[in-house]
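The entries follow the order in which I looked things up.

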Amino acid sequence: MWPVLLLLALLKPTLSLDTSQCTAPLGMESGAIPDDDITASSSFDSGNVGPQFGRLRGESHGGAWCPKYQITTEPKEWLEVDLHGVHVITAVETQGRFGNGQGQEFAEAYLLEYWRPRLGKWVRFRNIKGEEVLQGNTNTYLEAKRELDPPVWASRVRFLPYSYHRRTVCMRVEIYGCYWKDGIVSYSMPQGDKRGAGWEFFDATYDGHWDGQLQRGLGQLTDGKVGPENFKMGYYDYERGQGWVG
């Protein structure tokens with residue numbers, strides 16, 4: 001059996017994260033997140049469709065946040081939520097602008113970016129397959145909830161509407177997760193190795209700095225998942241070795 005590097009010092013915090021218990025809405029719909037903590041790159045009309053109106057199921061004023069400029073596959077507009085403290089984010093949910101039946105705008109897709117103090121940079125979310133684009137809405141009124149796999153650790157989150165053809169969009173959003181209490185702000189180590197014909201033991205979801213040494217980030221050692229006993233197996237059929245780092 002090939003030797004596998006285990007970072008036992010991080011085993012206890014890893015097992016303590018149970019994402020099934022980290023699914024509460026963080027306050028966009030309820031108003032627990034105040035208006036001052038919701039900002040945007042621009043607004044078509046700040047008094048009616050400003051960022052403070054980008055709340056899931058909200059119908060106040062214009063009924064959503066609408067950026068000033070049309071959206072393409074090169075997203076530059078964003079809606080930002082400041083959570084004031086690192087949270088584990090496990091899902092997000094979006095809607096378009098219903099506007100009491102008058103709205104016609106929604107985001108068919110979007111990207112997520114997140115920030116936390118230890119990172120010191122905005123990071124683009126990628127799922128376990130390496131995909132960045134999340135499927136959005138198909139109309140102005142139905143909600144679309146997306147689970148994040150892997151979850152992310154963030155104190156600020158940005159939604160960047162994305163469109164395959166130039167269009168006007170509006171968004172209402174919610175964020176799901178829980179406050180991060182475990183105390184680990186980052187871990188550093190050498191990146192894992194590739195063994196044999198295609199067995200990769202990389203920390204593929206690490207979100208810090210990759211420069212030979214992994215630094216100032218979090219990844220698979222804190223995501224709450226445990227690798228299968230057979231290290232040649234992964235969490236997913238299409239990803240051999242995914243789950244072990246070494």
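**Entry 1: a surface patch.** I looked for nonpolar patches and noted one on the surface, formed by Phe 98, Tyr 141 and Leu 142, with about 280 Å² of accessible area together. Patches are made of residues with over 30% relative accessible area and no salt bridge; like charges are joined within 9 Å, and nonpolar side chains (Val, Leu, Ile, Met, Phe, Trp, Tyr) within 5 Å. A salt bridge is a side-chain nitrogen of Lys or Arg within 4 Å of a carboxyl oxygen of Asp or Glu. Accessible areas come from the Shrake-Rupley method with a 1.4 Å probe, and for residues only the protein chains shown count as cover.

I then located Tyr 141 in the loop between β6 and β7. Tyr 141 counts as partly exposed because its relative accessibility is 45%; buried means under 20%, exposed over 50%, and partly exposed in between (1.4 Å probe, protein chains only).

**Entry 2: the basis of the model.** I recorded that this is a predicted model, in which local features need pLDDT of at least 70 and side-chain atom pairs count only at pLDDT 80 or more, while totals for chains, interfaces and linings use all residues. Residues are numbered from 1 along each chain as its sequence is written, and side-chain values use heavy atoms, with hydrogens and water left out.

**Entry 3: strand β4.** I found β4 at residues 109-115, with six of its seven residues buried. Helices (H or I, at least four residues) and strands (E, at least two) are DSSP runs, numbered from the N terminus. Two strands pair if DSSP finds at least two bridges between them.

Which strands does β4 pair with? I listed these antiparallel partners:
- β7 (residues 144-162) is joined to β4 by seven bridges, and Trp 115 stands opposite Arg 156 there.
- β6 (residues 134-135) pairs with β4 over two bridges, with Leu 134 as the partner of Tyr 110.
- β5 (residues 123-124) is joined to β4 by two bridges, and Val 123 stands opposite Tyr 114.

**Entry 4: strand β13.** I traced three bridges from β13 (residues 213-217) to the antiparallel strand β9 (residues 187-190); Met 189 has Leu 214 as its bridge partner. Three bridges also join β13 to β12 (residues 209-211), again antiparallel, and His 209 is partnered by Gln 215. β12 and β13 form a hairpin with one residue between them, and Gly 212 in the turn has a positive phi of about 80 degrees.

**Entry 5: the whole protein.** I noted two helices and 13 strands. Of the 246 residues, 50% count as buried.
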